Amino acid sequence: MLCDFHVHTDFSADSKTPIRDQIEAAIKLGMKEICITDHHDYGTSGMCHLDYTVDPVTYFAALKDLAEEYREKIQIRSGIELGLMIREKEYLNELVKTIPADFIIGSNHFIDGYDVFDKKFYYDNGYTVPGTDHQAYHRFFEASLERVKTFDCFDSLGHLDYVVRYGPEKNANYRPADYMDVIDEILKVLITKGKSLECNTAGFKYGLGHTHPYEEILKRYHELGGELLTVGSDGHRPHEVGGYFDQAREILLNCGFRYYTVYRERKPVFLEL
Ligand SMILES: [Zn+2]
Ligand SMILES: [Zn+2]
């Protein structure tokens, strides 16, 4: 069983699962190492009705205690999923100097003042015309590129094509090739900066039938020389931990990868797929 490096608990506004339940689920699966990565989307109040921030001190203290308690059964790494927003650049750069994180996911959940989850992102902007989400998706990738260029405060780029989970047409008309000019740039920036790309298996549970990102983007990353790759379920409930990891492993092997990456004290460690 691959190590799950994207797991949420009740420290995240959209999960009710106590940390212990996620840890116990991983142990049952025979997982040797897990990283808890709760949401911290600082500066998004007013853009959504939930508070997607944690108190970093309380959060990391809780993770440290549990890591100690469970050390004989599973290695628990302390992670966080940071929402990347350029206007919060100073805050985020300062924050990462103060938190004892093993691993930081950089994610794009909010674009142009909108929650990508919210249909308003697609309609208020006039992006979505019947039959295509192309403009909204293009905007999402453009914003993601700008952010990976701007930020160094993360280790792995979370769910690169996250927007297809929530677009009105979802992935019905989504072809990565239509955006590959921008996506290629994102992948090249990650490689140049020594950042990981995440293979996020949640696309399966959302009924999309693929990982985030799509297999052809993972393949392209490999072709471009990308080696740093983390794997995460984005599980918010115990039965979602390690979800679809067998499929992910097959996909990654098929793309040419032989190793994936875990992080300890923000340093990548390669493990065999
Ligand atoms: Zn996310
Ligand atoms: Zn997540």
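What percentage of the 273 residues of the protein count as buried? In this model, which is predicted rather than determined by experiment, the share that counts as buried is 45%. The chain folds into nine helices and eleven strands, and its radius of gyration is 17 Å, close to the 19 Å that the globule rule gives for 273 residues, so the protein is as compact as a globular protein of that length. Along its principal axes the C-alpha trace spans about 55 × 40 × 35 Å. If one takes the contacts between residues at least 6 apart in sequence, 77% of them join residues that are at least 24 apart.

Leaving aside residues up to four places away in sequence, Ile34 touches Cys3, Asp4, Val7, Ile23, Ala26, Ile74 and Ile76.

Two of these partners, Ile23 and Ala26, lead us to helix H1, residues 19-28, where Ile19, Gln22, Ile23, Ala25 and Ala26 are buried. These five residues lie on the same side of H1, because they cover an arc of only 160° around the axis. The buried residues of H1 pack against strand S1 (4-7), strand S2 (33-40), helix H2 (56-69) and strand S3 (75-83). Just after H1, Gly30 takes a positive phi of about 80°.

How values were computed: Residues numbered from 1 in each chain as written. Chains lettered and ligands numbered in written order. Predicted model: local features only at pLDDT ≥ 70, side-chain atom pairs only at ≥ 80, totals over all residues. Contact = placed C-beta atoms within 7 Å. Buried ≥ 20, exposed ≤ 12 C-beta atoms within 10 Å, placed from the backbone. Helix = DSSP H or I, 4+ residues; strand = E, 2+ residues; numbered from the N terminus. Arc of directions from axis to C-beta. Rg over C-alpha atoms; globule rule 2.2 N^0.38 Å.
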